[in-house]
Amino acid sequence: MNKKQNQSRFGDLVWKFFASVHLTIITFLSLAATSIIGTIVPQNGNPDFYFHKYGEMLYKIFFAFDLFDMYHSWWFRFLISILVLNIIVCSIDKLSATWKIIFPGKPPVFKNKIKNSSIRSEFVTETPPEKLEALFQKIVGNRYRYAALEKTETGFLLFAEKGRWTRMGVYAVHLSVVLLLIGSLLGSLFGFDGSVTIPEGESTNQILLQDSSRVLNLDFQIRCDDFSVSFYDSGAPKEFRSALTLLKDNKPIITKDIIVNDPLRYEGINLFQSNYGKLPPRNITLVLQDRKTGDEQVRKTAQLGEKIMLPDNQGEFILTDFSDQFHFKGRNIGDAFTGTLFLRDKGTFEVLIPYPFPKIDFQTPDDLQKIDALQTQSTGSLPDRIPLSVTSVNTGMVYTLNSALGETQTIPEGLGRFTLQEFQRSYNFKGHSIGDAFIGKFLDPDGTEQTVILPIEFSQFDRMRKGKVIIAIADLQQESIPSNLIVSVADFQEHYYTGLQVTKDPGVWVVYMGFIMMILGCYVTFFLSHQQVCIEAIRKGEQTVISISGTANKNKFNVQKKIDGLSMLLKR
Amino acid sequence: MNSSIILSVITFVYGFAGVLYMVSLVFKKDFPGKLASLVTMVAITGNITGIILRWIESYKMGFGHAPLSNLYESLIFFSLAIACLYIFIEIRYKNRTISTFSSALVFLAMAYASLSPGISDHIQPLIPALKSNWLIAHVLTCFLGYAGFAVAFAISILFLIKKTGGQSEEGMLSHVPDPDMLDELTHQMVMFGFFFLSIGIITGAVWANSAWGRYWGWDPKETWSLITWFIYAILLHARMMRGWRGNRIAMISIIGFTAVIFTYFGVNYLPGLHSYGSIQ
């Protein structure tokens, strides 16, 4: 064996490997099986999340195999490459054979195969073959694209066929898959996928890219002229709408309202409505009323952070913050402002101004009282000793202890010791304010120490710790001094930002071509076939035996139906 | 008369048809079979009426849209598609036994939609992401595809039963077509399903590109539909290129349908974009 032969043998083996349907099946199986992983392990999350969820060991293994972005990992891409190679090699391999069937010069081929097909039908007639020729040719010619007659010694053979081209359907499907992948490759090489948030009235040309977190500068500016959101009565969102203007050198080029499913397209770049959010509102109309008389003392339009001087040198007021999802006593009360009221002779008051309350019915004493309750600020005058209730989980006994800050109390039943350490206004627990709370330290008899949070509003809070004792603040009377002014907001101007998805994908047309080709190819491959029939007429004495046989490259059951149908037709 | 009530009633009409098919199969009697076909056609008419009525009702509520927007509506259409398919096969191949398991699937799907307390039959307005002309094309083709796979699954089950126990001349299954025929029918239904699933995935991709700017995002539902597509692609290649027949094809068809079911229901337990398919 010489070297050249060796090489070509090796080449043959490689070719055969990539042309095999076994490889196709194995690749499909691997792609299907591995794809499941990415639907179970959340993709593209941040490392902290994964580390907490899976622990160090699994995290390292998952990380090594790129499982946190598995559809873009080297091994998944490798599988796809194998599939593409397989499709191409296999198609070329089979195509040469198919080509010979489709373009053999003069059809049809494999006459014996058709003539001897097991799918057949026979009948006998008295008409001699010569008289049948023209009639048969006409009937068959109507139903088949090609028909050819051959004279034989005892009669004739009529070959007919159609749909030879349908054998190409499967190659169209294969090519379509290749087109899809070429298209997606073009997209990832020459396109981008980013996002941008723009407050109403502002413009930008900087896009934050999705995968690399880099900033991309567009050669035009995107301005958000307006954003609006509407809701159904049920509260479900109805429409998000952004009025956008694209500017080049500060001159507007295009203005368009975009909604979800109706993006703005400009020079291959697409802008999609993706999300929105509320910004602190503007032009807030503040009303300050006298607590007792309800008389309006101040009405002023202000911005967040702006200081308002009160008349008669009483003091000042400043709006400090806004939230569209304000949590008050564990309940989401929606839009709410917070502010600081400083009264020269009474001190400082932190005030909460929920927006809907004064709007519902501004003037009734009832509503005023509701707001009043929110704005009556306890000024830190806690009693000297704080009443604590301690429940023993085992015996169900409840003990009441009175403790000053910093004091250590011994809990009965030998359950341990508790120290009240400090008091905090609006304690923040996992991102939610749970109101005023005490913080203490619980010392278990076994020596372990735990921090205990005791919110005044929630007496059951300590149950979450699942300890042997449940500690709570029993009944706390806070002394409070009301301010002599009640603050409310009469009106404000909403201020939104719009979140846009900005993409460019020059490969999308290749992908769409692939889509169309796949649909057409599948249709041809599945529902059309290359059908061939042979009608043989043999004169036997006084009778002519007509036998019709046929074949198709798929759906053999239908061939029998067709042959039977043809037989019925010819009999007449 | 409201569409939900009609559709609840139709559930039991389908159920009745299923029982008749079963009776016809077990007792090898022709009459219950004929009656079953008739009852199915009545049910199909009622099913279509229910869908049209629901469509009209949604317009009367002021936010009209095709009734293809949530789990309830998709199950109703899914049932209709399966019923139409099995009646078509029944007429074309002149054999009623094939419909036995398919009609059971229709009843189950309808019963799940109508009776499950977790599924709301309220007509809801469309959220912004669903407001697209692609909605109808996407849902219609996906569920035609699923229906094809469902019928293929039912025939595969029948195939396995026939193959293991029913080859004798006078047995209970003597009216069931021979295994070759069932095998061919499975193949036909898988091709039908694969064709429409492909269009379903493609219309979904085009829609995603017009709504979010990307035609493929490896969202769990997308991924699972692709997994389903791979499984049926294996079936088609194994059968057409490797000449696999019978048991092995029936098994792949059954595995494929479990993937369909997971794509349909299971994915809602994973995070993703297709939340409107979820159980509220």
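A:Phe156 is in contact with A:Pro129, A:Glu133, A:Leu149, A:Glu150, A:Lys151 and A:Ala537, leaving aside neighbours within four places in sequence. Two residues are in contact if their C-beta atoms, placed from the backbone, lie within 7 Å. A:Phe156 lies in strand 3 (residues 155–162) of chain A. Between the C-alpha atoms of A:Phe156 and A:Glu133 there are 7.8 Å, and the two are 23 residues apart along the chain. A:Phe156 counts as partly exposed, with 19 C-beta neighbours inside 10 Å.

This is a predicted model: local features need pLDDT of at least 70, side-chain atom pairs count only at pLDDT 80 or more, and totals for chains, interfaces and linings use all residues. Residues are numbered from 1 along each chain as its sequence is written, while chains are lettered from A and ligands numbered from 1 in the order in which they are written.

Helices (H or I, at least four residues) and strands (E, at least two) are DSSP runs, numbered from the N terminus.

Most residues other than glycine have a negative phi.

**Domains of chain A**

Chain A is assigned domain 1 (3–86), domain 2 (104–163 + 529–571), domain 3 (192–376 + 479–504) and domain 4 (386–478). These bounds come from an automatic or database domain assignment. The C-alpha centres of domain 1 of chain A and domain 2 of chain A are 51 Å apart.

**Chain B**

Chain B has 8 helices and 0 strands. Its radius of gyration is 19 Å, close to the 19 Å that the globule rule gives for 280 residues, so chain B is as compact as a globular protein of that length. The radius is taken over C-alpha atoms, and the rule is 2.2 Å times the number of residues to the power 0.38. Along the principal axes, the C-alpha atoms of chain B fill a box of roughly 60 × 50 × 30 Å. Buried residues make up 54% of the 280 residues in chain B.

Helix 7 of chain B and helix 8 (residues 247–264) of chain B pack at about 170°, with axes 9 Å apart. Axes are lines fitted to C-alpha atoms, for helices over the stretch in contact, and angles run from 0 to 180 degrees between N-to-C directions. The two helices are therefore roughly antiparallel, a term for angles over 145 degrees.

**Where the chains meet**

Which elements of chain B give two or more residues to the side that touches chain A? The contact takes 36 residues from chain B and 38 residues from chain A. The elements are helix 6 (179–211) and helix 7 (220–242) of chain B. Helix 7 of chain B gives the most, with 13 residues. By class, this side of chain B has 25 nonpolar, 7 polar and 4 charged residues. Ala, Val, Leu, Ile, Met, Phe, Trp, Tyr, Cys and Pro count as nonpolar, Asp, Glu, Lys and Arg as charged, and the others, Gly among them, as polar.

How values were computed: Buried ≥ 20, exposed ≤ 12 C-beta atoms within 10 Å, placed from the backbone. Parallel < 35°, antiparallel > 145°, perpendicular 65-115°, else oblique.
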